[in-house]
Structure formats: C-alpha cells, structure tokens
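User: I have a protein model open and would like to go through it step by step. Could we begin with its pockets?

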Amino acid sequence: MMATMSSKVAVVLGAGGTVGHAFHAGVLAALHDVLGWDARRADVLVGTSAGSIVASMLRAGMPAADLAARATGATLSPAGAAVVARAGLGPPRPRPTRPSGRAGGMSSPARLARAVRAPWAISPGSLAAALLPAGRVSTEHIAVPFDALYGDRWPSEPLWIVAVQLDTGRRVVFGQDGGVHSTTNADLVGGEQPDLVLISAPMSAARGAVRLGPAAAMRQVVRLSLAREVAALRGRGITVMTFQPTAADLAEMGTDSLDPAVVGPVARQVRATTTARLSRTDVKDRLAALHPS
C-alpha cells in the first residue's frame, strides 16, 4: 500500500489521548473525502502516544475513512471490518476506572535532578512527564489488539513509534534504523527528505483559536514546539501542511483528553473543518503530491 506516485509523503500523528485519536480520524477521513488520498499510502508514518495507535491501525490495513466511521458508530467498509475483527476490537472502550486514594509522587525524580544539572538540555515534554505522578491505570489493554494484529512482527512498511526514556529524557524511536519528548516529533522525518509532510497535532491549536483558560498555556507551548519542527523541515525545502484544532474543533474537544463521550462529535467536527480547508484551491495546490499522477 505504499504510495504509487513519485512524490514521497510522510504523515506525522501527534499525541492527544482518546480525543486526539478522534482528531486524527477526522483529519485523515477528510483527506480521503476531498483528495481521494488514503493515509495507508504514506511512505513514512510517525506516531506519538495516541498517534502511534492510529498509525499502527493504518499499517494494519485500516482505511482512513473507517477510523472516522468507527469513532462515530457508522458502518465500516469490508476492509475496516476485517481489521477490527482480526484485532478483536469492540466498540470504543469507556474510560478506565482510576484506583481510589491519592496519587503518588513524581514519576522520575532522577529526570528532575538531571534537568537541574543541565537545564539547557531538557525538553518541556520530557520534563512534564517526569514531574507527573506515576500512572496508576494499566495500559495493558491497549496492547492486546496489536498483539493480535502483528504478533512479534513489525510492519514491513515504515512505521516509527516514538517514546521517551523517562529518567534521561532520551527519545526512543521504535521501527527506525539507527512520557513524551515532543507531542509530534515531526523533526524525525527530515532525514528521509520527503516531498510532503502532513502533521496532525491535536494538542496544538490553530492561530487565534485558543481562548484564555487552563489549557491555553499548554497548547501555546505545543504550538511553539511544532513551529520549530516545521521551520526545520521547511528549511530543508520540504513542503509541510499542519492540521491543528480550530476554535470550533476545540469547542467539541473540551478539556478532558480521555473523555470517550466526545469522540464522535470531535471526529465529525474535525472532518468538517478539514474538509472545508482542503476544498480551498491554494491548499489543494500545496498538496499536489497527494494528487493521482
């Protein structure tokens, strides 16, 4: 399912929890709706946190449009239904129950100590992960469908899954030769010299979209980090298109990234927002690499 056109396309799917998953579904479905391009055809897929789940589903053969169909409860295509059956996936799971009692201390005092000794070497994402309490909800259930889909094999087509070594802040990229360091990690694809990079960044925000509130600072930090990654890619002559939540998207997304109740509304809203944007002539021209040759 590699791209048959001569242009090389990379897709970067950022972090964002359950709601971020729905955001990706809306973006990718719109790309298929408007341009007839399915993200399964990407030459390189990079996924961080929620983005790693979506990227892995794509590499397993899940059509982009079916990601949105599953989020909204619509009927899946035969190809999408086959992937769901192989993975043993039922309807989207409810939020896991958190254990009672107070959360423990920070998850990595060692990382904080390193940051004090060398503050110039820290990334905001890795430090935030170290300062947060250690997780008390098992994530084992997340791995089960992918054990069923892949077993001990890695997909044959390029799939890079990004994680961070908690105590050191060192980025680890599974699937590439050679907590969260960045919410997108778009800089990784620069060495591949793609013609086009598509970045879906649920934790960022489009310019002017964020209103004052508890999440505003976090989204601004993510936006600035993403801007640096994009500037580096464009400095290499690479065309980059970012998809960041608009004000209308954020109104549906709310402030709880794990809220299963908003998955359907978010996927529908983002699909509509992205469809409107992709319908513009100037945007279509920038995405010429996705057009059938």
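User: Which helix gives the most to the lining of the second largest pocket?

Analyst: Helix 8 does, with 5 residues in that lining. Please keep in mind throughout that this is a predicted model.

User: How much space lies in that second largest pocket?

Analyst: The second largest pocket holds about 420 Å³ of space. The elements that each supply two or more residues to its lining are helix 8 (216-235), strand 6, helix 10 (263-278) and helix 11 (281-286).

User: Which residues lie nearest its centre?

Analyst: Of the 22 residues that line the second largest pocket, Arg223, Thr242, Phe243, Gln244 and Arg277 lie nearest its centre.

User: And how many of the lining residues are charged?

Analyst: The lining of the second largest pocket has 8 charged residues, alongside 9 nonpolar and 5 polar ones.

User: Let us turn to the cavities. What lines the largest cavity?

Analyst: The residues around the largest cavity are Val11, Val27, Leu28, Leu31, Leu198, Ile199, Ser200 and Phe243. Helix 1 (17-35) and strand 5 are the elements that give two or more residues to this lining. About 40 Å³ of space lies in the largest cavity.

User: How does that lining divide by class?

Analyst: The lining of the largest cavity has 7 nonpolar residues and 1 polar residue, with no charged residues.

User: Which way do its residues point?

Analyst: Leu196, Leu198 and Ser200 point one way from strand 5, while Val197 and Ile199 point the other way. All of these residues are buried.

User: Which strands pair with it, and are they parallel or antiparallel?

Analyst: Strand 1 (residues 9-13) pairs with strand 5 in the parallel sense over 5 bridges. Strand 6 (residues 239-243) also runs parallel to strand 5, and 5 bridges join the two.

User: What are the bridge partners of Val197?

Analyst: Val197 in strand 5 is the bridge partner of Ala10. In strand 6, the bridge partner of Val197 is Val240.

User: One last topic: how confident is the prediction?

Analyst: The mean pLDDT of the protein is 83, and 75% of its residues reach 70 or more. Over residues 1-5, however, pLDDT stays under 50. Where pLDDT is low, the predicted coordinates should not be read in detail.

User: How many contacts beyond four places in sequence does the model have for residues 1-5?

Analyst: For residues 1-5, the model has 16 such contacts.

Methods:
Residues numbered from 1 in each chain as written. Predicted model: local features only at pLDDT ≥ 70, side-chain atom pairs only at ≥ 80, totals over all residues. Heavy atoms only, no water. pLDDT = per-residue confidence, 0-100. Contact = heavy atoms within 4.5 Å. Buried < 20%, exposed > 50% of the residue type's maximum accessible area, 1.4 Å probe, protein only. Helix = DSSP H or I, 4+ residues; strand = E, 2+ residues; numbered from the N terminus. Pairing = 2+ DSSP bridges. 1 Å grid on protein atoms, 1.4 Å probe; cavity = no way out; pocket = protein on both sides within 12 Å on 5 of 7 lines; lining within 4 Å. Points joined across faces, edges and corners; volume = space filled by probe spheres on them. Nonpolar A, V, L, I, M, F, W, Y, C, P; charged D, E, K, R; others polar.
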